[in-house]
Amino acid sequence: MLTFDVAGYELVADRRYDPDTHMWVELDGAGLARIGLDPLGRETSGDVVALSLRDPGTAVLRGEPFGDLEAAKFVGPLIAPLSGTIVACNESVLSEPGVLNVDAASNWLVALEGFDAADLDGMLRGESEVAPWFAAEVERFRTQGAIAE
Amino acid sequence: MSTPALVEPGEAMRVRRETFGDAIEFYAPGLKRWQSSEWVPEKANRFLPVSVTGTACALQCDHCKTKVLEGMITISKDTDLFATAERLKAQGTEGILVSGGSTRRGGVPLLPHVDAMRRVREELGMRVIVHSGAVSPKLAAGLAEAEVDGVMLDIMGAEETIREVYHLDLTPADFERSLQLLAEREMRIIPHIVLGLHYGRFLGEWHALEMIGRYPVSTLILVVLTPLIGTPMGELEPPPLDDVTDFFALARVTMPDTKVNLGCGRPGGAMKVALDRAAIDHGLNGIAYPADGMVAYAKQQGLEPEFFEYCCSLTWANA
């Protein structure tokens, strides 16, 4: 997994990052998109306690919930970065949500198919696009106290 | 204090209704990003915590290990408390909790900041409450002079817990002395009791309640030990639910005229749901960050929910 570092956070290179939801999106090239929490989405949530995900077969819309997270610093819905139909939930994460505290980059949450490619246009990809945005977000969250200064 | 007799939930609810009627208060301070299917707060940053020590703490308590400080806004040499509050005010924040790590003597080093607290209240019109830890006469005087809106402190009733969990060379009498000092200054006192603090079991909680009952406190906040990942207590089980809910009822009838709230510190998931239901059933006045379904549940019990986007210690501000 090729990665790059921004302000002390490790980001996976061959993924898209949604600035609105702090989710990463990984395309498998065969019409499947896996979704997970990006490093700031994870850290600003704090230690994860409980996770629920919508069932496979559920159609979700970008900007709408695809699950719910309960963590030390965040309790609320997980917002879909793109529209599509859930075809799989990561059962190992559902059974042990605490793995997200250790490694949110390897542990995807849901896989979508039939997603709308137009939703990908607003996402950032590649170090040159991701790094400036991510660095600014780190600063913003530090100012807000959402992550340690 | 020996283990007191059990109080039936019905009796606790009767006491609650007699004094406080049917209102139940739900709180959502800005200590974390939070929403439920029943309530989406309008302004998440209305009330924010500021640490005067950053993530530093001399105690390194077994239940926290500074984890609680990690989510707070930090002041620095370049941005003192007033400047920090000014910046937050510009972003829409209306009140702050001034907190921080502890010194080896069990107090948060607030004294250098009391003048800034006064200015934050007077010049910015913001509410200021503090986490004090153990209170010295000098700190009580400083906080009184600053006219802070309230003082929150954990009250521990067992010397073993103070020594083993908090690593402090203090006794329960020192915490009672803190209550006394604040009462003498007519401060708004908001004591907290951490239920199950002694590694998941009850030990000094009854004595703590007994001590608190001797002073004119504004609101009693009950929180429940939450084993935090990365701390020595990370692998512990929370205290047994029945022990906690029995204590809810006992606190209710022991302090029939004082508001008793379930604070934001408590385990999540299924236990949170059970705790919140019990808090409603056992006559507590309010709940911070209620679990999904609790607003509807309270209504089913004939209670009338009210919603406040600030800390559950600020009960006097509700009127």
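Two strands pair if DSSP finds at least two bridges between them. With that in hand, welcome to a predicted model in which strand β9 of chain A and strand β2 (residues 33-34) of chain B pair in the parallel sense over two bridges.

**Where chains A and B meet**
- The contact draws 16 residues from chain A and 17 residues from chain B.
- On the side of chain A that touches chain B, the elements giving two or more residues are β6 (48-53) and β9 (74-79) of chain A.
- β9(A) gives the most to that side, with three residues.
- By residue type, the side of chain A that touches chain B divides into seven nonpolar, five polar and four charged residues.

**A sheet in chain A**
- Seven strands of chain A make an open sheet with antiparallel pairing, in the order β7-β10-β11-β5-β4-β3-β12.
- Its edge strands, β7 (59-60) and β12 (124-125) of chain A, each pair on one side only.
- Strand β3 (residues 16-18) of chain A pairs with β12(A) in the antiparallel sense over two bridges, and here Tyr17(A) has Leu124(A) as its bridge partner in β12(A).

**The largest nonpolar core**
- This core has 137 residues, and those with the most contacts inside it are Ile96(B), Val98(B) and Val151(B).
- Helix α8 (residues 241-254) of chain B gives the most to the core, with six residues.
- Leaving aside neighbours within four places in sequence, Ile96(B) is in contact with residues including Leu48(B), Val50(B), Met126(B) and Val128(B).

Terms used: Residues numbered from 1 in each chain as written. Chains lettered and ligands numbered in written order. Predicted model: local features only at pLDDT ≥ 70, side-chain atom pairs only at ≥ 80, totals over all residues. Core = buried A, V, L, I, M, F, W, Y, C linked by C-beta atoms within 7 Å. Buried ≥ 20, exposed ≤ 12 C-beta atoms within 10 Å, placed from the backbone. Helix = DSSP H or I, 4+ residues; strand = E, 2+ residues; numbered from the N terminus. Contact = placed C-beta atoms within 7 Å. Nonpolar A, V, L, I, M, F, W, Y, C, P; charged D, E, K, R; others polar.
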